[in-house]
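Hi everyone, and thanks for having me. Please take a look at the structure on the screen, and I'll walk you through what I found in it.

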Amino acid sequence: MATPAPSGTHVIFWNIRAGGVPSRAQAIALELIDEQPDIVCLCECRPTFAGQLAAVLQGAGLAHTLSTAAAPRTNAMLIASREPFDATPSAHERVATIRLH
């Protein structure tokens, strides 16, 4: 059974489509920072973009990050959180369970 998020936790899940090309990086980062989330989950985040975006999110207080990016030009998940978390791979190739501390 999944651990529920703490009451009042603001979570953003966003499919940024096609990897979040660099021309959209600033707009995506600014929108996320403006929302002041506690946890961000970005889908289809390319490895070259994930590092840049993770650095911006860390600077905005989402200090704990994880990217599933394995190879260039592949879509991945980027997770950023204000609180520490553990990620446990599941039996499915591209799925992980995230638990906040």
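A disulfide would need the two sulfur atoms within 2.5 Å. Cys45 is likewise in no disulfide, with the sulfur of Cys43 as its nearest, 9.4 Å away. By this rule, the disulfide count is zero. Please keep in mind that this is a predicted model.

Now, are these two cysteines buried or exposed? Cys45 is buried, with a relative accessible area of 1%. Cys43 counts as partly exposed, at 22% relative accessibility. The line between the two classes is 20%: buried means under that value.

Let's step back to the whole chain. How many helices and strands does the chain have? There are two helices and six strands. If you read along the sequence, you get the pattern β-α-β-α-β-β-β-β. Of the 101 residues, 26% count as buried. The chain exposes about 6,500 Å², and 55% of that is supplied by carbon and sulfur atoms. Here is one more number for the overall picture: among contacts with a separation of 6 or more, 54% are between residues 24 or more positions apart.

Because five of its seven residues are buried, β2 is largely enclosed by the rest of the structure. Which strand does β2 pair with over five bridges? That strand is β4, and the two pair in the antiparallel sense. To see this on the screen, find Ile39, which stands opposite Ser81 in β4.

Strand β2 also holds Glu44. Glu44 has a positive phi of about 65°, although it is not a glycine. With a relative accessible area of 22%, Glu44 is partly exposed.

Gln36 also has a positive phi without being a glycine, and its value is near 50°. Gln36 is exposed, with a relative accessible area of 59%.

Now let's go inside. In soluble globular proteins, nonpolar side chains tend to be buried together. Here, the largest nonpolar core has 17 residues. Those with the most contacts inside this core include Leu32, Val40, Leu42, Phe49 and Leu78. β1, α1, β2, α2 and β4 are the elements that give two or more residues to the core. Which of them gives the most? That is α2, with five residues. You can find α2 at residues 47–59.

Last stop: Pro72. Pro72 is in the loop between β3 (64–67) and β4 (77–81). At a relative accessible area of 64%, Pro72 is exposed. How far apart are Pro72 and Pro47 in sequence and in space? They are 25 residues apart in sequence and 5.8 Å apart in space, C-alpha to C-alpha.

Methods: Residues numbered from 1 in each chain as written. Predicted model: local features only at pLDDT ≥ 70, side-chain atom pairs only at ≥ 80, totals over all residues. Heavy atoms only, no water. Buried < 20%, exposed > 50% of the residue type's maximum accessible area, 1.4 Å probe, protein only. Helix = DSSP H or I, 4+ residues; strand = E, 2+ residues; numbered from the N terminus. Core = buried A, V, L, I, M, F, W, Y, C linked by side-chain atoms within 4.5 Å. Contact = heavy atoms within 4.5 Å. Areas by Shrake-Rupley, 256 points an atom, 1.4 Å probe, with all protein chains shown as cover. Pairing = 2+ DSSP bridges.
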